[in-house]
Amino acid sequence: MKVSKQGLLGFSAACLAVAGIAASPLGGTEAIAKPLANIKEQTLLAQNQKALTIVFPSRSDSTDLQTKANAVAAFLSKELGMPVKAQIGDDTAAVEALRANRADVAFLSSRPALKAESLANAKLYLAEVRDNYSGKYTYNSIFVVPKNSPLKTGTDAKKTLGQLKGKKMAFTSPTSGSGFIFPVSQLVKAGFVPNKDRLDGFFGQVSYGGNYSKALQAVLRGQAEVAAVSEYALFSPYITAEEKNQLRILYKIPGVPAHGIAIDDDVAAPMREKIINAMLKLNQPKNNQLLRSLYNSTELVRVDHNRHLAPVRNALKLVGMEP
């Protein structure tokens with residue numbers, strides 16, 4: 001967060017006089033009335049926020065993202081009364097920007113949000129809602145097979161996933177939440193594998209598509225017998241309606257946390273609340289197309305960081321991965 005040096009120096013002098021901060025023998029200062037100083041400092045930081053930088057990660061289902069992000073930034077700039085800059089980068093770049101204080105806000109998926117918490121003490125305050133999410137701001141990770149596959153769809157994990165022994169498996173990528181972490185955690189819970197490193201002992205073949213579309217294409221082309229993806233990957237732009245009709249869901253894992261919006265801890269609480277309220281105005285009918293154009297989200301909702309991300313924390317522990 002960019003803060004006026006002059007404002008901070010003036011405020012520090014005021015704190016020394018008013019809050020009773022004493023000089024230390026080592027040349028530093030010692031806070032006597034720290035709670036009061038902290039409250040005043042947060043207010044000052046909020047008042048001296050001169051600009052805002054938001055990172056919008058590139059995603060395969062979003063085109064011309066810079067133009068769309070610029071439009072959202074212009075809307076937020078008007079609401080907040082300050083310049084708002086939109087930057088495009090992947091999740092890794094977004095987390096690094098938060099860590100290095102080059103960004104104040106970032107749209108992040110669940111695992112990068114945990115990384116942002118670890119490296120930058122940033123937290124998720126809003127989650128995205130989509131029409132094709134089963135749980136409003138959570139969605140399903142799914143195992144997908146050809147429509148004519150002899151494997152039987154079911155809800156019992158042990159019975160249904162047990163059919164996959166010796167099969168050719170296509171995961172999305174080794175870092176994907178719904179395309180790897182949640183599916184493997186379900187296999188661990190069912191007792192088929194001990195962790196992510198022992199998949200070859202269960203499957204006949206393991207491959208990684210690199211993205212949802214390619215993992216599904218592996219099944220459509222007969223290169224794999226099953227794929228793991230997000231439920232929304234069964235829709236355009238990932239595959240066509242005709243291709244979807246050639247597939248069916250074998251097993252569903254609910255509760256995958258939706259992507260959301262993280263705010264760095266350097267942003268003072270009053271300013272953070274202003275940012276959240278401004279973003280929630282994107283839910284209003286007159287502004288909603290700005291939000292929908294980004295990542296096909298229909299709404300933003302407030303979430304508790306720890307509660308929302310608890311499922312991915314647990315899944316990571318099961319598969320033996322760090323955030």
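Biologist: Where is the place of Asn-121?
Modeller: Asn-121 is in the loop between helix 5 and strand 6 (123-129). Helices (H or I, at least four residues) and strands (E, at least two) are DSSP runs, numbered from the N terminus. This is a predicted model, in which local features need pLDDT of at least 70 and side-chain atom pairs count only at pLDDT 80 or more, while totals for chains, interfaces and linings use all residues. Residues are numbered from 1 along each chain as its sequence is written, and side-chain values use heavy atoms, with hydrogens and water left out.
Biologist: What is phi of Asn-121 near?
Modeller: Phi of Asn-121 is near 60°, which is a positive value in a residue other than glycine. Most residues other than glycine have a negative phi, and most peptide bonds are trans.
Biologist: Which residues does a cis peptide bond join?
Modeller: The cis bond is between Ser-236 and Pro-237, with omega about 10°. Pro-237 belongs to the loop between strand 10 (226-230) and helix 9 (241-244).
Biologist: On to packing. At what angle do helix 4 and helix 5 pack?
Modeller: Helix 4 (residues 91-99) and helix 5 (residues 110-120) pack at about 25°, and their axes are 9 Å apart. Axes are lines fitted to C-alpha atoms, for helices over the stretch in contact, and angles run from 0 to 180 degrees between N-to-C directions. Helix 4 and helix 5 are therefore roughly parallel. Angles under 35 degrees count as roughly parallel, over 145 as roughly antiparallel, 65 to 115 as roughly perpendicular and the rest as oblique.
Biologist: Which residues of helix 4 and helix 5 meet?
Modeller: Asp-91, Val-95, Leu-98 and Arg-99 of helix 4 meet Pro-112, Lys-115, Ala-116, Leu-119 and Ala-120 of helix 5; contact means heavy atoms within 4.5 Å. By class, this contact has six nonpolar, no polar and three charged residues. Ala, Val, Leu, Ile, Met, Phe, Trp, Tyr, Cys and Pro count as nonpolar, Asp, Glu, Lys and Arg as charged, and the others, Gly among them, as polar.
Biologist: And helix 3 with helix 11: what are the angle and the distance between axes?
Modeller: Helix 3 (residues 65-80) packs against helix 11 (residues 288-295) at an angle of about 150°, with axes 9 Å apart. The two helices are therefore roughly antiparallel to each other. Helix 3 contributes Leu-65, Lys-68, Ala-69, Ala-71, Val-72 and Phe-75 to the contact, and helix 11 contributes Leu-290, Ser-293, Leu-294 and Tyr-295. Eight of these residues are nonpolar, one is polar and one is charged.
Biologist: How does helix 3 pack with helix 10?
Modeller: Helix 3 and helix 10 (residues 269-280) pack at about 125°, and their axes are 10 Å apart. That makes helix 3 oblique to helix 10. In this contact, Phe-75, Leu-76, Glu-79 and Leu-80 of helix 3 meet Lys-274, Ile-275, Ala-278 and Met-279 of helix 10. The classes are six nonpolar, no polar and two charged residues.
Biologist: New topic: which helix gives the largest share of the lining of the largest pocket?
Modeller: Helix 5 gives the largest share, five residues.
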